[in-house]
Amino acid sequence: MNKTKKIPVLERVAKINEQIADENRALLRANNLICINIMGSPGGGKTTLIENTIIRLQGEKKIAVIEGDLATTIDAERIMALGVDVLQINTGGMCHLDAPLIRNALKKMDLSSIDILFIENVGNLVCPSSHDLGEDYRVIIASVPEGPHKPKKYPVIYKEADVVVITKADLLEYFPDFTEKILFNHAKEIQPEILTFSVALKRNESMDEWINWVKSVKPKIRE
Ligand SMILES: Nc1nc2c(ncn2[C@@H]2O[C@H](COP(=O)(O)OP(=O)(O)O)[C@@H](O)[C@H]2O)c(=O)[nH]1
Ligand SMILES: [Mg+2]
């Protein structure tokens with residue numbers, strides 16, 4: 001009788017991702033930098049939030065960015081135009097980043113000079129949630145035109161999130177079914193500890209609470 005223990009392939013791949021995510025975390029810790037993984041739908045405002053955060057923290061924090069995209073360097077070029085170090089990862093067809101891709105990117109960066117590393121994940125509310133990258137914090141972007149029910153429809157990504165940022169708050173008057181309260185309540189039903197911010201990036205308004213959080217973050221203590 002064959003007594004070899006069979007581990008399903010997906011389980012093995014997930015385990016390898018976990019191991020490499022832990023190695024990434026150790027490398028980030030050794031270089032004393034905070035890593036924030038920005039996730040959300042395509043077009044929600046991920047790149048715009050990162051751009052505005054860079055502008056607001058210029059001269060205060062040294063920021064670098066890893067840009068994940070299926071194809072193109074469009075977002076990376078937007079970030080580079082701000083004079084910030086950016087590393088582009090094109091995933092081909094893959095709908096998320098994973099820990100090995102981040103490990104390869106980290107090897108190419110001068111980590112010792114960075115305070116905060118943003119990762120812009122591939123625009124998607126499903127795939128990125130199940131891939132630990134070694135980040136400290138997970139931030140979900142929820143833009144007003146997407147409607148207030150996304151946390152209920154995509155609970156898995158919210159369950160693992162530390163922060164939700166409502167973007168495009170300047171458009172609230174055009175979306176009467178969307179209130180910040182409804183979205184935040186839905187998010188808190190799924191993840192009671194989640195921090196909540198709301199910004200209107202087009203007008204660069206109401207960024208203060210978000211910016212204060214970014215400035216104050218410490219490495220995440222993991223249980
Ligand atoms: N009105 C408005 N538009 C925004 C806001 N944030 C982003 N956008 C626009 O939404 C579009 C997609 O933004 P982008 O940051 O590229 O989204 P990403 O795909 O999530 O990175 C762009 O045309 C942005 O100018 C906002 O707060 N208000
Ligand atoms: Mg983008």
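The following note sets out numbered points on a predicted model, covering its fold, its ligands and selected residues.

1. Overall architecture. The chain contains eight helices and seven strands. Its radius of gyration is 18 Å, close to the 17 Å that the globule rule gives for 223 residues, so the chain is as compact as a globular protein of that length. Along the principal axes, the C-alpha atoms fill a box of roughly 70 × 40 × 35 Å. Of the 223 residues, 50% count as buried.

2. Polar contacts of ligand 1. The side chain of Thr47 places an N or O atom 2.8 Å from an oxygen atom of ligand 1. A polar backbone atom of Gly44 lies 3.2 Å from an oxygen atom of the ligand, and a backbone N or O atom of Lys168 is found 3.1 Å from an oxygen atom of ligand 1. Taken alone, ligand 1 exposes 580 Å², of which the protein buries 76%.

3. The magnesium site. Ligand 2 is a magnesium ion, coordinated at 2.1 Å by Thr47 through OG1, Asp75 through OD and Glu120 through OE. Along the chain, these donors follow the spacing T-x27-D-x44-E. Asp75 belongs to helix α3 (residues 74-80) and Glu120 to strand β4 (residues 116-120), so this pair ties together parts that are 45 residues apart in sequence.

4. Lys168. This residue deserves a separate entry. Lys168 lies in the loop between β6 (163-167) and α7 (180-190), and its phi is near 65°, a positive value in a residue other than glycine. Its relative accessibility is 27%, so Lys168 counts as partly exposed. The backbone of Lys168 also supplies the N or O atom that lies 3.1 Å from an oxygen atom of ligand 1.

5. Thr72. A positive phi, of about 70°, is also found at Thr72, which is not a glycine. Thr72 sits in the loop between β2 (63-69) and α3. With a relative accessibility of 41%, Thr72 counts as partly exposed. A reader inspecting backbone geometry may wish to view Thr72 together with Lys168.

6. Helix α7. Lys181 is placed in helix α7 and, at 61% relative accessibility, counts as exposed. From Asn185 to Ala64 the C-alpha distance is 32 Å, while the two are 121 residues apart in sequence.

7. Asp162. The loop between α6 (155-159) and β6 holds Asp162. Asp162 is buried, with a relative accessible area of 14%. Asp162 and Ile36 are 126 residues apart in sequence, and their C-alpha atoms are 9.9 Å apart in space.

8. Ser216. Helix α8 (residues 208-216) includes Ser216. At 41% relative accessibility, Ser216 counts as partly exposed. The C-alpha atoms of Ser216 and Leu27 are separated by 21 Å, and the two residues stand 189 apart along the chain.

Conventions
Residues are numbered from 1 along each chain as its sequence is written. Chains are lettered from A and ligands numbered from 1 in the order in which they are written. This is a predicted model: local features need pLDDT of at least 70, side-chain atom pairs count only at pLDDT 80 or more; totals for chains, interfaces and linings use all residues. Side-chain values use heavy atoms; hydrogens and water are left out. A polar contact is a pair of N or O atoms within 3.5 Å; within protein, one must be able to donate a hydrogen and the other to accept it, and residues adjacent in sequence count only if both atoms are side-chain atoms. Accessible areas come from the Shrake-Rupley method with a 1.4 Å probe; for residues, only the protein chains shown count as cover. Donors are N, O and S atoms within 2.8 Å of the metal (3.2 Å for Na, K and Ca); water is not among the atoms, so sites may look incomplete. Helices (H or I, at least four residues) and strands (E, at least two) are DSSP runs, numbered from the N terminus. The radius of gyration is taken over C-alpha atoms; the globule rule is 2.2 Å times the number of residues to the power 0.38. Buried means under 20% relative accessible area, exposed over 50%, partly exposed in between (1.4 Å probe, protein chains only).
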